[in-house]
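Please describe this protein model for a reader who is meeting it for the first time.

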Amino acid sequence: MAKSTATKLRPATKTTKEAGRGAAKASAASDAKGKKSGKSGETSRKTRLRSAGADRVERRFVPRASAGAVGSALATSIGGVCAGAGVWGKFALNYHYAPHLLGVGALLAAIGLITGKSPVAIRVGDLGIGVEKDQDTIERMAWYEIDAVRFASNTLSFTGRGRVLSISTVTHPEAAALALAEARARIPARVVDVADTGLPPSSSDAGELIRLEPLQLAGLRCKATDRIIAVEKDGKYCAQCGQTYHREAVPGNCLTCDARLA
Ligand SMILES: [Zn+2]
């Protein structure tokens, strides 16, 4: 069932994203694939060190209409109709059951409002995990910031630096699948408690492709020396986990994810 959902959703998102398809495949997700299919030797021989201008992408996932969302919309509508009929019945027709109808209507409308939380879009890619709080705000957690990835009660949660970002596998099965696949490829040691998720196979084509603005490295700290990178051209970063380094202090392997940087 999960598989049919994945194939059903994809055509709908395809049309607007045809252009960037190639670049998406070149992203870390494809590295992950390479590793899984036994080409790890080849992958690890290549340096993952990048400069600020390097191409970076992520994929954006809008929520799937869950049974809960449909139910709450339905409750709000029916509630509205009942309340309307109740008001009409009470004041215009003096209908005996009008007060009941009014009560049921108000209750259903309230349930609809309480359960119908505004849906959020999820982003997964080179910047890590992102949860769109509203149109202008995306709460992000970079791969290098993540201490632990866990799965419980249909929720994939990413914990790090005192924060938690969650992806529901009910409303965002494709986002969760890609996030988990990327986490396993980028920061495998931190995927600590993920058993049977029942997720569809991850796809690097799912969701909408978004090209990210060039990274600003000036002002960030070098992981190796803890010093601030003062000048943009002195900054380098690990493409696997996003960790930043001063170009003169880049270690042979990333201190966070162990990717080859030399
Ligand atoms: Zn790294």
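## A bridge between two strands

Val131 has Glu139 as its bridge partner in S5, where strands, like helices, are DSSP runs numbered from the N terminus, with at least two residues (E) for a strand and at least four (H or I) for a helix. S4 and S5 run antiparallel and are joined by four bridges, two strands being taken as paired if DSSP finds at least two bridges between them. The hairpin that joins S4 to S5 passes through five residues.

## The model and its confidence

This is a predicted model, in which local features need pLDDT of at least 70 and side-chain atom pairs count only at pLDDT 80 or more, while totals for chains, interfaces and linings use all residues. Residues are numbered from 1 along each chain as its sequence is written.

The average pLDDT of the protein chain, that is, the predictor's confidence in each residue on a scale from 0 to 100, is 79, and 68% of the residues score at least 70. Over residues 1-42 the pLDDT stays under 50, and for this stretch the model has 56 contacts beyond four places in sequence; two residues are in contact if their C-beta atoms, placed from the backbone, lie within 7 Å. Where pLDDT is low, the predicted coordinates should not be read in detail.

## The chain as a whole

The protein chain contains six helices and twelve strands. Of its 262 residues, 32% count as buried, a residue being buried if 20 or more other C-beta atoms lie within 10 Å of its own, exposed if 12 or fewer do, and partly exposed in between, with C-beta atoms placed from the backbone. Among the contacts in the protein chain with a separation of 6 or more, 60% are between residues 24 or more positions apart.

## The five-strand sheet

S4 and S5 belong to an open sheet of five strands, which has the order S5-S4-S3-S2-S10 and antiparallel pairing. Its edge strands are S5 (138-141) and S10, each of which pairs on one side only. On average, neighbouring strands of this sheet are turned by 25° against each other, direction ignored, with axes being lines fitted to C-alpha atoms (for helices over the stretch in contact) and angles running from 0 to 180 degrees between N-to-C directions.

Within this sheet, S3 is joined by four bridges to S4 (residues 128-132), and the two run antiparallel. Val124 has Ile129 as its bridge partner in S4, and the hairpin from S3 to S4 passes through two residues. Helix H6 packs on the sheet, where it touches S2 (57-61), S3 and S4, and its direction makes about 30° with that of S3.

## The four-strand sheet

A further open sheet is formed by four strands in the order S8-S7-S6-S9, with mixed pairing. S8 and S9 are its edge strands, each pairing on one side only, and the twist from one strand to the next averages 25°.

S6 and S7 pair in the antiparallel sense over five bridges; Ala148 has Thr159 as its partner in S7, while Ala152 stands opposite Thr155. In the hairpin of S6 and S7, with two residues between the strands, Ser153 takes a positive phi near 50°. S7 and S8 run antiparallel and are joined by six bridges, with Gly160 standing opposite Arg163 in S8. Their hairpin also has two residues between the strands, and in it Arg161 takes a positive phi near 50°.

Ala175 touches Phe61, Ile122, Val124, Ile167 and Gly207, not counting residues up to four places away in sequence.

## Pro200 in a loop

Pro200 lies in the loop between S9 (191-193) and S10 (208-211). Pro200 counts as buried because it has 21 C-beta neighbours inside 10 Å. Pro200 and Ala176 are 24 residues apart in sequence, and their C-alpha atoms are 9.1 Å apart in space.
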